[in-house]
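The following paragraphs lead through one protein model, part by part. Please keep the sequence and the coordinates at hand while reading.

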Amino acid sequence: MAFESLSDKLQNAFKKLKGKGVLTEADINDAMREVKLALLEADVNFKVVKGFVNDVKEKCLGTEVLESLTPAQQIIKIVNQELVELMGGTGSKLTYSPSGFTTIMMVGLQGTGKTTTCGKLANYLKQHGKKPMMCACDIYRPAAIDQLEVVGKSVNTPVFTMRDSKEPAKIALAAKKEAEKKGFDVLIVDTAGRLQIDQALMDELVDIKGEVKPHEILLVVDALTGQDAVNVAEGFNEKLGVDGIVMTKMDGDSRGGAALSAKKVTGKPIKFMGVGEKFDALEPFHPERMASRILGMGDMLSLIEKAEQAFDQEKAEKLEERLKKNQFTLEDFLDQMGQVKNMGGIGKILEMMPGVSAAQMKGVDLEESEKEFRQMEAIIQSMTIEERQNPNILNASRRKRIAAGCGQPVSKINNLIKRYEEMKKMVKQLSNPKAMKKNKLFRGLF
């Protein structure tokens, strides 16, 4: 989980302030000392930390506490605002050409996940109504072209190659002409990387830039390298001029210092972050949402967006009709579980829920939860259509037969039926606003 360590430390620092009616300057100094240590331990650039803490402290001491907030809440509000500003203020979107054809050039060092990110970006663009093509310009790394072709097949996106050419700039130009000719509206150029920034690499990238005149140059950096990622970003921007940063492996960096330092040091926004190995694990970077997650306030907007992506309007309408007739089946139950999986599983949902800290996440065995999902899926698939649609007929002998068919003990079948009955009640309440008002879990929403 990104920012896990930082999130825990910041939340602990603010806990000490809660319950105090009045905060002294000493209280604020103590809190800011902990914030400073937390940011430094998260590998945030020292100068960035110093400026951030000074800005927060100045506003905390110079701001009158709002009547509607406690002093501690006021400080959290200020920290939240400053975190958002530190990471860029607002989300920075891709720039598309007004002519209708856009070229995106992907650059970065070796090992940052650049080629895979090309595939993730192609997948993202397709989900947003674009028709992308990819171009293989890494002619040095063994099997680099083959890798991009495999990635292209995985996301159903064509890849332009010129295996005999030794001039990446000419390959990119030929790809641009081919993409325009065939009616594609975005070309993603995968360029070569090096182990470090050198003149040969920069000369080649400048040549490609000159030939295809990209609308976006996106620098791919590895979040796990911490401040080295920021230094690399600074180097590429000085020599090439980049438009935005894609921060990969954000799901594996519990500190997150690179993401917090990048915009302040380079002046360039983080546009996307990689949050997993799958090709749908690329998310737009929203500073305000990330700040909210860091401070334990959740990310309900991202959660709603994921729910909308997993949501099937036609299935929902049919389910609503069946609920009116009290016909919630095990097939419906399986479908609801599938929607949770489409949203990234329980782990992704919990990360975006308000009030769920990194410490609480450690107490949840996500692998066990996903395993349980798969077991329930196997059990339901081992039933007859009649049993799925009418679980009331599941007597002892039927349950034994199902257990033998899916390789699970009868106790697992019993547990599934119990879960099904619980979800049936919950879904029925969710479909009835009057019932929701009476339910204490939803009372605060009305």
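The end C-alpha atoms of residues 269-282 are 16 Å apart, and this span is 0% helix and 43% strand. Helices (H or I, at least four residues) and strands (E, at least two) are DSSP runs, numbered from the N terminus. The UniProt record, an unreviewed entry, places the feature "domain: SRP54-type proteins GTP-binding" at residues 269-282; UniProt positions follow the numbering used here, feature names are shortened, and annotations may be inferred rather than shown by experiment.

The model is predicted: local features need pLDDT of at least 70, side-chain atom pairs count only at pLDDT 80 or more, and totals for chains, interfaces and linings use all residues. Residues are numbered from 1 along each chain as its sequence is written, and side-chain values use heavy atoms, with hydrogens and water left out. The pLDDT, the predictor's confidence in each residue from 0 to 100, averages 80 over the chain, and 78% of the residues score at least 70. Over residues 433-446 pLDDT stays under 50, and the model has 11 contacts beyond four places in sequence for them; a contact means heavy atoms within 4.5 Å.

Consider next the sheet. Eight strands form an open sheet of mixed pairing, in the order S3-S2-S4-S1-S5-S6-S7-S8. Its edge strands are S3 and S8 (282-284), each of which pairs on one side only. Two strands count as paired if DSSP finds at least two bridges between them.

Strand S2 (residues 132-136) is mostly covered, with five of its five residues buried. Buried denotes under 20% relative accessible area, exposed over 50%, and partly exposed in between (1.4 Å probe, protein chains only). Pro132, Met134 and Ala136 point one way from S2, while Met133 and Cys135 point the other way. With strand S4 (residues 186-190), S2 pairs in the parallel sense over five bridges; Pro132 stands opposite Val186, and Met133 opposite Leu187. S2 also runs parallel to strand S3 (residues 159-160), to which two bridges join it, and Cys135 has Phe160 as its bridge partner there. From S2 the chain passes through helix H6 (residues 144-154) to S3 in a right-handed β-α-β crossover; with the strands pointing away from the viewer, the path from the first strand over the helix to the second then runs clockwise.

Which residues does Lys120 touch, not counting residues up to four places away in sequence? They are Gly274, Gly276, Glu277, Lys278, Phe279, Ala281 and Leu282. Lys120 lies in helix H5 (residues 114-127) and is buried, with a relative accessible area of 8%. H5 itself lies across several strands, including S2, S4, S7 (270-274) and S8, and runs at about 170 degrees to S4. Axes are lines fitted to C-alpha atoms, for helices over the stretch in contact, and angles run from 0 to 180 degrees between N-to-C directions.

Helix H10 (residues 257-266) is largely enclosed by the rest of the structure, because seven of its 10 residues are buried. Among them are Gly257, Leu260 and Thr266. Gly267, which follows H10, has a positive phi near 80 degrees.

Finally, Ser382 is located in the loop between helix H17 (366-381) and helix H18 (385-389). Ser382 is partly exposed, with a relative accessible area of 26%. Leaving aside neighbours within four places in sequence, Ser382 is in contact with Arg401, Ile402, Gly405 and Cys406. The C-alpha atoms of Ser382 and Cys406 are separated by 6.0 Å, although these two are 24 residues apart along the chain.
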